Amino acid sequence: MKTTFKTLAMATLMAGTTLSPAYAKEVTIGVTMSAFDDNFRTLLRRGVERYADDVGVKLQVEDAKNELGLQLNQIQNFIASGVDAIIVNAVDSNATMGITDEAQAAGIPLVYLNMEPINLQLLPDNQAYVGSIEAEAGKLQAEEVCRQLNGQGNAVIIMGDLVHFAALERTRIVHEVFDSNPNCQGMKIVEEQSGKWMRTEASDLVTNWISAGIDFDAVITNNDEMAIGAIQAMDAVGRDMKDVVVAGIDATADAIQAMEVGELDVTVYQDAFSQGKGAVDTALALIDKKNVPNAVWVPFKLVTPQNLDEFKGKN
């Protein structure tokens, strides 16, 4: 079994990975993204495309439109067309065992991107995962919300899609922090529902909670899009944003802008370009039959109004 390891810079994984003679040959990588109509996944896709262009790698990029069946068809088409490797941003974490089996049977290297596969520890030697440790994002987020509220307050949680490992893990850790951190014993989660990663869904949830008289001091969301949707719902009813802590994850451009104007209090930077670059680097290494660890971790970083200038333009 390959070893899982953590890296602080993608260069650690593929030191010296540039357009070497091994990559000067024509290489085609099939890429299926779970959805194009999502801000962070768009950043991921652009990271893959930009770096592939830099190193002269041809891509076939497909939008799975959040449909598992469509994504499986795309993977089968990649295999039939004879691509040299496949990069998958999975629609459903629970479906990755079947995807692994398809690629393995065809002898084609496979790299999972951003969405951690359920079978991570069982990946064969020609497959790997590139992403971030989701528990870290939830921990950074929860601890900062707790700090800003001095360990006392009611929180609502807006989760991503429940078939996504990231949504489940980020949320689990928020609960764990509030339950186990002695400085957060006054924190209480009063509502928790899925906003499916979308602004509109999150806005509707918060509107309903406000209408139902739910009292909350913090809104904790699994991504920035839902945090912005929550902000829009509170703005619509005239709630003073100084009285509520709003936390997201990703540090998208829209989130950084919301933080600049005082509406978003916490986000967590997820490095889309480094993940995209790492996926291409890993695919190239697997094509060349190099020994690659089964997981490459790109660290999360806490973003608050105090350090937001450091993250402007990064996503």
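The residues lining the largest cavity divide into four nonpolar, four polar and five charged. Here Ala, Val, Leu, Ile, Met, Phe, Trp, Tyr, Cys and Pro count as nonpolar, Asp, Glu, Lys and Arg as charged, and the others, Gly among them, as polar. This is a predicted model; local features need pLDDT of at least 70, side-chain atom pairs count only at pLDDT 80 or more, and totals for chains, interfaces and linings use all residues. Residues are numbered from 1 along each chain as its sequence is written, and side-chain values use heavy atoms, without hydrogens and water.

The largest cavity holds about 160 Å³ of space. Of its 13 lining residues, those closest to the centre are Phe-40, Arg-41, Asn-114, Arg-170 and Trp-197. A cavity is a set of points on a 1 Å grid over the protein atoms alone where a 1.4 Å probe fits but cannot get out, and lining residues have an atom within 4 Å of a point.

Gln-270 sits in the loop between β11 (267–269) and α10. Gln-270 is buried, at 1% relative accessibility; buried means under 20% relative accessible area with a 1.4 Å probe, protein chains only. Beyond neighbours within four places in sequence, its contacts (heavy atoms within 4.5 Å) include Phe-40, Asn-114 and Arg-170.

| Atoms | Distance |
|---|---|
| Gln-270 side chain, Asp-250 side chain | 2.7 Å, polar contact |
| Asp-271 side-chain oxygen, Phe-273 backbone nitrogen | within 3.5 Å |

A polar contact is a pair of N or O atoms within 3.5 Å; within protein, one must be able to donate a hydrogen and the other to accept it, and residues adjacent in sequence count only if both atoms are side-chain atoms.

Key
Helices (H or I, at least four residues) and strands (E, at least two) are DSSP runs, numbered from the N terminus. On a 1 Å grid over the protein atoms alone, a cavity is a set of points where a 1.4 Å probe fits but cannot get out, and a pocket is an open set with protein on both sides within 12 Å along at least five of seven lines; lining residues have an atom within 4 Å of a point. Grid points are joined across faces, edges and corners, and a volume is the space filled by probe spheres set on the points. Buried means under 20% relative accessible area, exposed over 50%, partly exposed in between (1.4 Å probe, protein chains only).
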